[in-house]
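Please examine the sequence and the structure shown below. The report that follows describes selected features.

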Amino acid sequence: MSTHLKQERTSDACSEPAPKPTQPDIIGVDDRVEIARAIPLGIQHMMSMFGSTVLVPVLTGLNPNIAIMCSGIGTIIYLLMTRNRIPSYLGSSFAFISPILVATAATGNVHTALSGVVCAGAVFLIISAVIKLVGTSWLDALFPPVLIACVMVVIGVGLSSTAVKMALTSSTGVFIPNAALVSLVVLLAAVIFSSCKGIVGTLPVLLAILVGYVLSAALGMVDLQGVIDAAWFGLPAVQMPHFSIQAAILIAPVAIVVVIEHIGHLLAVGEIVGKDFRKMLPQSLAADGISTCISGFLGGPPTTTYAENIGVMSVTRVYSTQVFWYAAGFALIVGGFCPKVSAFINSIPVPVMGGVSLLLFGLIASNGLRMLVTNAVDFNENHNLMIASAVIIIGVGMETAGLTIPVGDYEIPGMACATLLGIVLNALLTLIRKRA
């Protein structure tokens, strides 16, 4: 009898999940960081989003400095509305580039396009209110672990072509040996720094950018004329929107597509941080909506959560929202009131940011693969195999090829298409399994 009980206890002990190994180097969401360390960590996040956030207004005819300033304002709003619980940074949304260009051409005025940006923010708010009413339990049914993981892979690998082009080629797509050299050095520097202990290990991106900048300057790839010409202090050149129903119709509905992207990013952040943020989706979307509205009123593009900053968290394992306050504050000051610093950051050669992006985007995809392992996703099950196969191939294929699906005046990007396909397949296969 004694032996039998002992065997039962042993069996019970073995059936319990093994405790996860501790990671003492992680700085959690609620952890405080000393100012001397928080400042460079905040600058690191600002630098990571800078290139992409500036590119959207450059392509749409808006003011890049306003976009940077609005990214800071938007992130502050996001942190306030999510009560410092979700570490995320808001930057310019690429999904709205084409609609803004179409609206500007149709109305003949970028000010009218800004009214569409404000209306897009209102769509975010409406959707967040609906989700607040119906709850978020549906997320578990629509987004099983296999789909979330595959969307993370699509986010990371889908951006690979952008990173490779930044790292290796000119704006015309021609291979440049010096660009490749700089990008490779930056990538290696980031990897090496990330393996170091102490503060160096939490600042691999920033330190790698500095290494790349010095090397680029030595190779004659840095142009400082814009920095020399820029003033130290200035006021933001705010542009007010002029309401246009045509611009609103052209731009606002795109917010529905960006909501899908937003959900994917929120789930990705939760997976990396180790927290479940699903119940906070209404607050997250509402913050994005208010941020977009304010950006439209000031002359900036719509905002969205940024994959670049998700990648930074993944490599540094620093998740403290305190750091994002610093990043937002720096962006607000640099974009709105310090043209010279803004010009200096703009002087960073594209291959430097390309080398960093190779690592950051790869880490997002790698975290998706890790999620498949940690959730013990069984690929012997046809359900999981079919969803993963379709979502990854469609999403990565469309994103890397630069393909979108036109729907009237709109274009649905690859990540949104892949996510929608995954949701449909999951629902269809679940229904078939229940009826079998």
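Where is the place of Leu55? Leu55 lies in helix 2 (residues 35-60); helices (H or I, at least four residues) are DSSP runs, numbered from the N terminus.

## Basis of the model

This is a predicted model, in which local features need pLDDT of at least 70, side-chain atom pairs count only at pLDDT 80 or more, and totals for chains, interfaces and linings use all residues. Residues are numbered from 1 along each chain as its sequence is written, and side-chain values use heavy atoms, with hydrogens and water left out.

## Leu55

Leu55 has a relative accessible area of 37% and is therefore partly exposed, a class between buried (under 20%) and exposed (over 50%), computed with a 1.4 Å probe and protein chains only.

## Cysteines

Zero disulfides are found in a search of the whole structure; a disulfide is a pair of cysteine sulfur atoms within 2.5 Å. For Cys293, the nearest cysteine sulfur belongs to Cys119 and is 8.2 Å away. Cys293 counts as buried because its relative accessibility is 13%.

Cys338 is likewise in no disulfide, and the nearest cysteine sulfur, that of Cys70, is 17 Å away. With a relative accessible area of 10%, Cys338 is buried.

## Val377

Val377 is located in the loop between helix 19 (350-374) and helix 20 (382-401). Its relative accessibility is 16%, so Val377 counts as buried.

Leaving aside residues up to four places away in sequence, Val377 touches Val146, Leu372 and Asn384, where contact means heavy atoms within 4.5 Å. Val377 and Pro144 are 233 residues apart in sequence, while their C-alpha atoms are 9.9 Å apart in space.

Notes. Helices (H or I, at least four residues) and strands (E, at least two) are DSSP runs, numbered from the N terminus.
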